[in-house]
Amino acid sequence: MQDCLTLKKSNCKNCYKCIRNCPVKAIRFSANQAHIINDECILCGRCFVVCPQNAKQIVDETEKVQVLMQGDEPVIASVAPSFVANYPGVGINSFRKALKQIGFADAEETALGATIVKKEYERILKDEERNIVISSCCHSINLLIQKHFVNCLPYLADVISPMQAHAADIRRRYPNAKIVFIGPCVAKKDEAEHYKNYVDATLTFEEITAWFKRMNVVLEPEQDAEEKSKARFFPTTGGILKTMALDAPGYTYLAIDGVENCMDALRDISEGKVEKCFIEMSACAGSCIGGPVMEKKHNVETNHFRNPVIDYMAVSNYAGSSDFDIEQPEVHELKKVFEPIEQKAIEPLEYEINNILKKMGKTKKSDELNCGSCGYNTCREKAKAIFNGKADISMCLPYLKEKAESFSDTIVKNTPNGLIAVNDNLEVQLINKVACKIMNIPSPSDIIGEPVVRVLDPTNFMKVQKGPEQIYGERTYLAEYNKYVEQTIVRDTDSKMLICIMSDITEKEKEHKKKEEISRQTIEVADKVVDKQMRIVQEIASLLGETAAETKIALTKLKESISDE
């Protein structure tokens, strides 16, 4: 299968929106990036439409067509009948004129090929004894059956598509022509690539609109009438049936659109619940006028998505009441072979599924929430995807939430600090047991939801709430609890809560004061000792002074007496 859809890795944000919307879950996640699984993808284009980051891109073949135009062969456009819904008020003559301005030799409606196809459907129902016949116009439905409902392959009409029928008719009339299909479908790019010798290139409406803009070509509002154009109904739900006679004896005719609805019908067919039916199947809701490239980007930019009623009315008003005049080819020229496309996915055994579920924290049936946040409808489908390497355990939102909560709870429960969180109204939202112990609260439930003023002075909370500054390690005395704490209050902008972290330093404070008292007493004793020593010194000095004086007198007298002698 051609890689019609590519991924801009820089844009993929791991949002899982593509896998949630993929009807066949043909997307694999690796290194937080989405990857399309080609052998499972049916090219319905939903991932392209829903991607909020425009990470999915359709391969643009504009340059390829421009190269074709440089050759000697005429390049003729086959324009899907849904163009009248994509370009309101514009008919095929106006569209042909615009296409010629950018280099096309001519343009015709693919509805001409649709007339051929519907006549072949009518012939099959009348001439061949088939129980169930499923239309084969939609390549996405063909891929769905080839890849995911192989047992229904015998019921798929072995008839070429309107695009191929029209291309074959153009080649019959212009043998050397190069043919370019223009439409709203991603899958047509793959159909053109896989089934050679019909179409040389395909363009989407977005690609051709961009080309018109670059060349300053303006589509003229001109709705040309054509009575013989009933096949223009083909791009609508029930449009194929509207063109058919519906007179084959014993058959029930019904139209089904949307991949999920078609899958339900195919399951019923697989189980033998359906008999004698012609079923028109379209992958897109509303059929081709609801195609993935009906100017998706234009709608997003203008915040206006297409209205299916208005689109249907545009097609209905443009369609005629009888068939185009076109030569019907031989039956063998309309045959198309559909081969089954093998799947690489392996069906895991029950114990392997259960082992993966356990790793996701789902040990019992009630743990399997089947919430679909990962993109899979059930937890078991997700487990199978993990087994086949298409998904990762971390894609399970409840698992991640529970893991994060468990991690947070472990921190809250085991931290030696007291934690208390309040909301914008300063109401307690969370409190741990350490904080309860600090403030003599019997149980967290006694204060949860209550104003914080009941247990703490809210002044610091209000200060942090109003101002840009936050409080870090402020020593505070809680008089009502006779406790000293170091208080940190910070603002969490994501949760819009104020978080207070309290460290009980009462014992440290008491120890500090005890040391201060011992130091004070030691200083007092030292002062007393110094004072006493000074007094003793002074007394000794005084005694020494008196003794010295007396000694001096005595010696002086002795000296004098010796001198007299």
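Guide: Ring pairs link Phe-83, Tyr-87, Phe-95, Phe-205, Phe-212 and Tyr-318 into a cluster. This is a predicted model, where local features need pLDDT of at least 70, side-chain atom pairs count only at pLDDT 80 or more, and totals for chains, interfaces and linings use all residues. Residues are numbered from 1 along each chain as its sequence is written, and side-chain values use heavy atoms, with hydrogens and water left out.

Visitor: Why is the pair of Tyr-477 and Tyr-484 called tilted?

Guide: Rings of Phe, Tyr and Trp (its six-membered ring) pair if their centres lie within 6.5 Å; planes under 30 degrees apart count as stacked, over 60 as edge-to-face and the rest as tilted. The centres of Tyr-477 and Tyr-484 are 4.6 Å apart and their planes stand at 40°, so the pair is tilted.

Visitor: What makes Tyr-484 buried and Tyr-477 partly exposed?

Guide: Buried means under 20% relative accessible area, exposed over 50%, and partly exposed in between (1.4 Å probe, protein chains only). Tyr-484 has 18%, so Tyr-484 is buried; Tyr-477 has 39%, so Tyr-477 is partly exposed.

Visitor: Why is Phe-278 called buried?

Guide: The relative accessible area of Phe-278 is 0%, therefore Phe-278 is buried. Tyr-121 is likewise buried, because its value is 1%.

Visitor: Why is Ile-536 called partly exposed?

Guide: Ile-536 has a relative accessible area of 32%, so this residue is partly exposed.
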